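Student: Could you walk me through this protein, please? I would like to start with the overall layout and then look at single residues.

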Amino acid sequence: MELPDFQQYRDRFTQKGFMEKISRVAKRAGAKLVYAALILYYTLESGTISLKEKAIIVGALGYLISPLDMVPDAIPIAGLGDDLAVLVYVVGMVWSNVSEEVKTKARNKLSTWFDEDELTGADDLFRNAPESDPV
C-alpha cells in the first residue's frame, strides 16, 4: 500500500479531536491501532523529539482524525487499515525516541478500553521494532 502525503492532514489534529476519535472508535479500531496512536500522542507531548518529528506525528494523527482519507473509516474492516499503516510507519520512524514512560502511559490508557486478552496483541506490535533512521 502506498502511503498518502499525511502532512496535508496536520491542520486536522487537535488534542480534543484526537481523544474524542480514539474514545469513539477504540473497540472497532482494535488495540493495535489505538496503541500506535497513543504512542505517537504521548511522544508528541513528551517534548523529546525534533520539530520535524513533531510535524510528522501531527500529520499522522491528523490523518487518523480526518474523515477524509484514502479509505473512509466508515467502511467496515478496511476503513481503519490505512490509518493503522500510517501510524505504524510513523511509530517506526520515531521509535528510537519513544521512552519507556511513554510506552507505559500509552499501555495504561489502552487498558481503559481493552481487557488483558486484547492487550496482548498490542504488546507484540512494536516489541521487535527495528531501530529506525533518524527523521
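**Overall layout**

Tutor: Along the sequence, the protein follows the pattern α-α-α-α-α-α. Helices (H or I, at least four residues) and strands (E, at least two) are DSSP runs, numbered from the N terminus. This is a predicted model, in which local features need pLDDT of at least 70 and side-chain atom pairs count only at pLDDT 80 or more, while totals for chains, interfaces and linings use all residues. Residues are numbered from 1 along each chain as its sequence is written, and side-chain values use heavy atoms, with hydrogens and water left out.

Student: How many helices and strands does the protein have?

Tutor: There are six helices and zero strands.

Student: What percentage of the residues count as buried?

Tutor: Of the 135 residues, 45% count as buried. Buried means under 20% relative accessible area, exposed means over 50%, and partly exposed lies in between (1.4 Å probe, protein chains only).

Student: Which residues have the most contacts inside the largest nonpolar core?

Tutor: They are F18, V34, L40, L61 and L87, in a core of 43 residues. Helices α1 (15–29), α2 (31–46), α3 (51–65), α4 (81–94), α5 and α6 (116–125) each supply at least two residues of this core. The largest share, twelve residues, comes from α2. A nonpolar core is a set of buried Ala, Val, Leu, Ile, Met, Phe, Trp, Tyr and Cys residues joined through side-chain atoms within 4.5 Å.

Student: Let us stay with α2, then. Why is α2 described as largely enclosed?

Tutor: Because 13 of the 16 residues of α2 are buried, the rest of the structure largely encloses this helix. Its length can be checked as well: the expected span of a helix is 1.5 Å times one less than its number of residues. For α2 that gives 22 Å, which agrees with the 22 Å between its end C-alpha atoms. Just after α2, G47 takes a positive phi of about 75 degrees.

Student: Is V34 buried or exposed?

Tutor: V34, which is found in helix α2, is buried because its relative accessible area is 0%. Leaving out residues up to four places away in sequence, V34 touches I22, A26, A29, L110, W113 and F114. Contact here means heavy atoms within 4.5 Å.

Student: And what does L61 touch?

Tutor: With the same exclusion of residues up to four places away, L61 touches F13, F18, A37, L40, Y41, L44 and L87.

Student: New topic: how many aromatic pairs are there?

Tutor: The structure holds one aromatic pair. The ring centres of Y41 and Y42 are 5.3 Å apart and the planes stand at 65 degrees, so the pair is edge-to-face. Rings of Phe, Tyr and Trp (its six-membered ring) pair if their centres lie within 6.5 Å; planes under 30 degrees apart count as stacked, over 60 as edge-to-face and the rest as tilted. Y41 is buried at 7% relative accessibility, and Y42 is buried at 8%.

Student: What about K103, buried or exposed?

Tutor: K103 counts as buried because its relative accessibility is 17%. This residue lies in helix α5 (residues 100–110). Its side chain joins that of E100 in a polar contact of 3.0 Å. A polar contact is a pair of N or O atoms within 3.5 Å; within protein, one must be able to donate a hydrogen and the other to accept it, and residues adjacent in sequence count only if both atoms are side-chain atoms.

Student: And E101, buried or exposed?

Tutor: E101, also in helix α5, is exposed, with a relative accessible area of 64%.
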